[in-house]
Amino acid sequence: KGLAVTLGERSEVVFYEFTEDNEGTLSIAAWGAPVKVGGMPIMGMFTPDGTEFVTVCRGKADQVQGPGCVCVISLASTADAASVHSVAASAAVGINPVGLAMNSAGNLLACGNSAVSTGGQGGSVTLISLGQNGSLTPHAEYPIGAVPAGVTFDTRGSFVLVSQFGSSDPEAADGEVSFWKVSPGQSPKLAQQEFFVGIGGGPHGAIIVR
């Protein structure tokens with residue numbers, strides 16, 4: 001049982017291990033040394049098999065409005081203070097990422113970015129495949145004409161849902177959830193659907209109950 005803590009100002013992810021003795025008493029101890037990543041990690045998640053941790057990072061402390069990245073940390077097979085974790089892969093995403101989601105199969109990532117890296121209005125969603133040994137394959141960055149906040153896959157991985165904090169649509173007075181259909185395969189794609197759900201002002205995170 002592991003715990004990961006992202007330390008943005010230090011550009012590190014720190015891991016801890018939970019153990020339980022025969023009497024049910026829980027304890028926590030360091031699991032390896034902190035891992036340096038390529039920016040300010042803001043959030044992350046373990047892969048379904050627990051062998052990797054994926055985190056999304058903003059730029060350096062003085063460059064938070066620059067391009068971000070997704071990093072995959074390969075976790076040591078032994079859990080003790082001497083364990084060595086390592087960064088297996090890194091991939092660029094859009095400007096100032098704000099959210100990250102992984103499908104239930106653990107092979108596809110969606111990253112919400114508050115600004116699109118190629119210019120224009122609004123933010124974007126970057127779609128990335130997560131392969132064996134932590135490899136990353138970026139596919140595309142999709143402008144959304146809004147500022148994303150939370151990103152999540154539905155339970156089947158058929159759709160990506162994005163909570164939009166603000167929209168360039170003058171008729172969207174409040175926040176919305178947009179829906180993106182996932183086309184799987186060797187080169188997966190996203191296609192924005194034509195319907196939205198209004199959810200009031202200033203939405204942030206988005207989560208699916210599995």
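User: How do I read the accessible surface of the chain, and what does it come to here?

Analyst: Accessible areas come from the Shrake-Rupley method with a 1.4 Å probe, and for residues only the protein chains shown count as cover. Here the chain has an accessible surface of about 10,500 Å², and carbon and sulfur atoms account for 53% of that area. Do keep in mind that this is a predicted model, where local features need pLDDT of at least 70, side-chain atom pairs count only at pLDDT 80 or more, and totals for chains, interfaces and linings use all residues. Residues are numbered from 1 along each chain as its sequence is written, and side-chain values use heavy atoms, with hydrogens and water left out.

User: How many helices and strands does the chain have?

Analyst: Both are DSSP runs numbered from the N terminus: helices (H or I) of at least four residues, strands (E) of at least two. This chain has 15 strands and 0 helices.

User: What share of the residues counts as buried?

Analyst: Buried means under 20% relative accessible area, exposed means over 50%, and partly exposed lies in between (1.4 Å probe, protein chains only). Of the 210 residues in the chain, 44% are buried.

User: Could we take one residue as an example? Is Gln164 buried or exposed?

Analyst: Gln164 is buried, because its relative accessibility is 2%. You will find Gln164 in strand E13, which covers residues 159–167. Its side chain makes a polar contact of 2.8 Å with the side chain of Ser178. Such a contact is a pair of N or O atoms within 3.5 Å; within protein, one must be able to donate a hydrogen and the other to accept it, and residues adjacent in sequence count only if both atoms are side-chain atoms.

User: Which residues form a salt bridge with Glu12?

Analyst: The general idea is that side chains of opposite charge can pair when their charged atoms come close. The rule asks for a side-chain nitrogen of Lys or Arg within 4 Å of a carboxyl oxygen of Asp or Glu, and the count here comes to 2 salt bridges. Glu12 pairs with Arg10, the closest N and O atoms being 2.8 Å apart, and with Lys36 at 3.4 Å between the closest N and O atoms. Lys36 lies in strand E4 (residues 35–36) and Glu12 in strand E2 (residues 12–20), so this pair ties together parts 24 residues apart in sequence. Through shared partners, Arg10, Glu12 and Lys36 join into one network.

User: How accessible are Glu12, Arg10 and Lys36?

Analyst: Glu12 is buried at 11% relative accessibility, Arg10 is partly exposed at 47%, and Lys36 is exposed at 53%.
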